[in-house]
Amino acid sequence: MMLLSGDWVLPVSDSPMAQGAVLVSDGAIAAIGTAAELKARYGEEEVLEFPGCAILPGFVNAHTHLEYSAFRGFASPSGFSRWLLRLLRARRKVADEDWAAAALWGAHESLRNGITSIADTSYHGVAVAQAAQAVGLRARVYLELFGLDDTRLSTSIERLEASLDHARRMVGAAGGAVDTIEMPVEWGISPHAPYTVSQRLYEEAARFGQDAGLRLATHVAESHSEKRLLGGSMSTLALAYRATRLWTGRCWRPPRMTPVQYVAGTGALGPDMLVVHAVQGNGDDIAILAGSGCAVVHCPRSNMRLGCGRAPVAEMKAAGILVGLGTDSLASNDSLDMLAEMRAAMEVSEARGAREKSLRPGMILRMATLDGAQALGWGHLVGSLEAGKRADMVVVRLRAEDLPNAGRMPQRVGLGPPGPDRAEQMDILAQAVMRAEVQMTMVDGKIVYGGEEIPADVARGFRTARTRLGLRV
């Protein structure tokens with residue numbers, strides 16, 4: 001057993017607690033209470049003290065592309081189509097070993113940022129899965145699927161099946177749910193996006209996933225270019241794909257509908273589908289998403305960097321849609337810093353309208369933890385600090401100046417439903433967390449980061465990949 005104590009414990013699913021502690025046993029949370037109570041009961045156990053810190057659930061990064069980690073700094077602010085064209089061309093410079101090196105560096109960097117769970121969309125799959133297992137990340141890897149030419153439909157599904165079999169053999173996991181101490185990598189399917197996947201392929205992917213018990217993820221309504229292309233207007237997105245000879249335009253015609261309508265028409269939307277971005281969704285689109293029971297991942301910094309717009313997150317949440325938070329890839333973001341992502345989500349929400357309609361800080365912290373876990377179907381395992389859940393936690397050092405009303409905070413967990421005062425208190429703490437610094441990361445009861453630098457050999461492989469890309473080391 002191990003006892004962790006800090007100035008604050010933030011369960012997320014319950015009220016915050018001052019001078020709290022969490023008892024860990026066999027990889028799970030055994031008890032939560034005040035430090036005084038738990039030390040009196042378990043004084044013989046190892047105690048880790050974290051003065052000036054808050055203990056909270058590990059962050060759930062609900063959308064990553066870790067194999068693109070070596071592209072950090074690649075994306076200067078630009079339009080989506082221009083960025084995509086540059087990315088497609090740059091990919092051709094990368095060797096197989098570079099993808100693995102980048103994924104491993106990204107996995108270490110995730111732990112350094114308090115991320116304990118990832119949902120990664122990957123073309124190669126194996127590199128990310130092996131990286132996650134190497135460092136101890138809880139992970140689901142969605143294998144990407146592309147295809148606009150329905151004459152090659154069976155070939156696309158055969159390739160998916162072969163890729164999945166290969167990935168399972170290489171990683172040595174059975175592909176079951178992440179539900180044990182050993183944490184095998186969980187697999188999923190990602191039909192890439194409406195502009196790279198035909199409606200028939202979406203249908204076949206959904207059928208394959210249902211038969212195999214695999215969850216799905218797809219990029220939808222990310223950019224203005226995608227919205228224009230699907231709507232039948234001239235789009236620079238089509239020009240980017242033609243320039244790289246990935247789409248001739250002969251096998252697929254714009255359907256003259258919104259991206260959300262396009263995917264909904266295939267029957268692929270549902271509780272097992274994770275919709276990434278949904279920036280360019282209108283009111284009807286939000287109603288479709290809500291009715292389907294799917295979850296959405298918000299990636300604010302990537303969206304802003306590529307000029308995609310501001311996702312209507314408050315409107316989606318008001319419609320009952322579960323929304324998690326993701327960093328997207330380092331090809332379109334500056335870091336894997338979930339605290340920065342939370343701050344960006346706050347800025348985006350406030351910029352969309354009046355402050356009273358904005359997301360509250362406590363809601364955004366929940367998006368980065370429990371809501372993200374529930375979006376992935378892992379809410380029974382992680383995302384909040386509750387007895388019986390797996391011990392996935394992050395410890396962050398708070399700045400004293402960020403807690404001016406600390407004396408008004410509740411002193412223990414389990415004080416009943418949060419009223420207006422407690423919601424305000426949670427917001428104060430959540431806002432302080434957004435400006436905090438990660439001190440320690442724990443996954444399944446194991447400390448996987450405690451302030452160490454990324455291993456030299458991992459950093460060396462990362463630098464080699466960046467050199468090949470022509471990026472500054």
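**Entry 1: a salt bridge to start**

I began with Asp-427, which forms a salt bridge with Arg-360, the closest N and O atoms being 2.5 Å apart. I noted the term: a salt bridge is a side-chain nitrogen of Lys or Arg within 4 Å of a carboxyl oxygen of Asp or Glu. The pair links distant parts of the chain. Asp-427 is in helix 16 (residues 420-434). Arg-360 is in the loop between helix 13 (338-352) and helix 14 (361-367), 67 residues apart from Asp-427. Helices (H or I, at least four residues) and strands (E, at least two) are DSSP runs, numbered from the N terminus.

This is a predicted model: local features need pLDDT of at least 70, side-chain atom pairs count only at pLDDT 80 or more, and totals for chains, interfaces and linings use all residues. Residues are numbered from 1 along each chain as its sequence is written, and side-chain values use heavy atoms, with hydrogens and water left out.

I then looked up accessibility. Buried means under 20% relative accessible area, exposed over 50%, and partly exposed in between (1.4 Å probe, protein chains only). Asp-427 has 10% relative accessibility, so I wrote it down as buried. Arg-360 has 37%, so Arg-360 is partly exposed.

How many salt bridges does the structure hold? I found 20. Side chains of opposite charge can pair when their charged atoms come close.

I picked out Asp-392 next. Asp-392 forms a salt bridge with Arg-138, and their closest N and O atoms are 2.8 Å apart. Asp-392 lies in the loop between helix 15 (370-375) and strand 13 (393-397), while Arg-138 lies in strand 7 (residues 138-145), so the pair ties together parts that are 254 residues apart in sequence. Asp-392 is buried at 2% relative accessibility. Arg-138 is buried too, with a relative accessible area of 1%.

Arg-138 also meets Asp-444 in a salt bridge (2.8 Å, N to O). This pair again links distant parts of the chain, 306 residues apart. Asp-444 sits in the loop between strand 14 (437-443) and strand 15 (446-449). Is Asp-444 buried or exposed? Asp-444 is buried, with a relative accessible area of 2%.

I could now join these up. Salt bridges that share partners bring Arg-138, Arg-390, Asp-392 and Asp-444 into one network.

I turned to helix packing. Two packed helices are described by the angle between their axes and the distance between the axes. The axes are lines fitted to C-alpha atoms, for helices over the stretch in contact, and angles run from 0 to 180 degrees between N-to-C directions. Angles under 35 degrees count as roughly parallel, over 145 as roughly antiparallel, 65 to 115 as roughly perpendicular and the rest as oblique.

Helix 3 (residues 96-112) packs with helix 17 (residues 456-469) at an angle of about 130°, with axes 8 Å apart. Helix 3 and helix 17 are therefore oblique to each other. I checked which residues meet, with contact meaning heavy atoms within 4.5 Å. Among them are Leu-104 and Trp-105 in helix 3, and Phe-462 and Arg-468 in helix 17. The residues of this contact divide into seven nonpolar, three polar and three charged. For the classes, Ala, Val, Leu, Ile, Met, Phe, Trp, Tyr, Cys and Pro count as nonpolar, Asp, Glu, Lys and Arg as charged, and the others, Gly among them, as polar.

The axes of helix 3 and helix 4 come within 8 Å and cross at roughly 40°. That makes helix 3 oblique to helix 4. The residues that meet include Trp-99 and Leu-111 in helix 3, and Val-128 and Val-135 in helix 4.

**Entry 2: helix 4 and helix 5**

Helix 4 (residues 126-135) and helix 5 (residues 153-171) pack at about 30°, with their axes 10 Å apart. They are therefore roughly parallel to each other. Gln-130 in helix 4 and Met-170 in helix 5 are among the residues that meet. The contact of helix 4 with helix 5 has five nonpolar, three polar and no charged residues.

**Entry 3: two positive phi values**

Arg-256 has a phi near 60°, a positive value in a residue other than glycine. Arg-256 is in the loop between helix 8 (236-243) and helix 9 (259-264). At 63% relative accessibility, Arg-256 counts as exposed.

Ala-278 has a phi near 50°, also positive in a residue other than glycine. I found Ala-278 in the loop between strand 10 (273-277) and helix 10 (283-292). Ala-278 is buried, with a relative accessible area of 3%.
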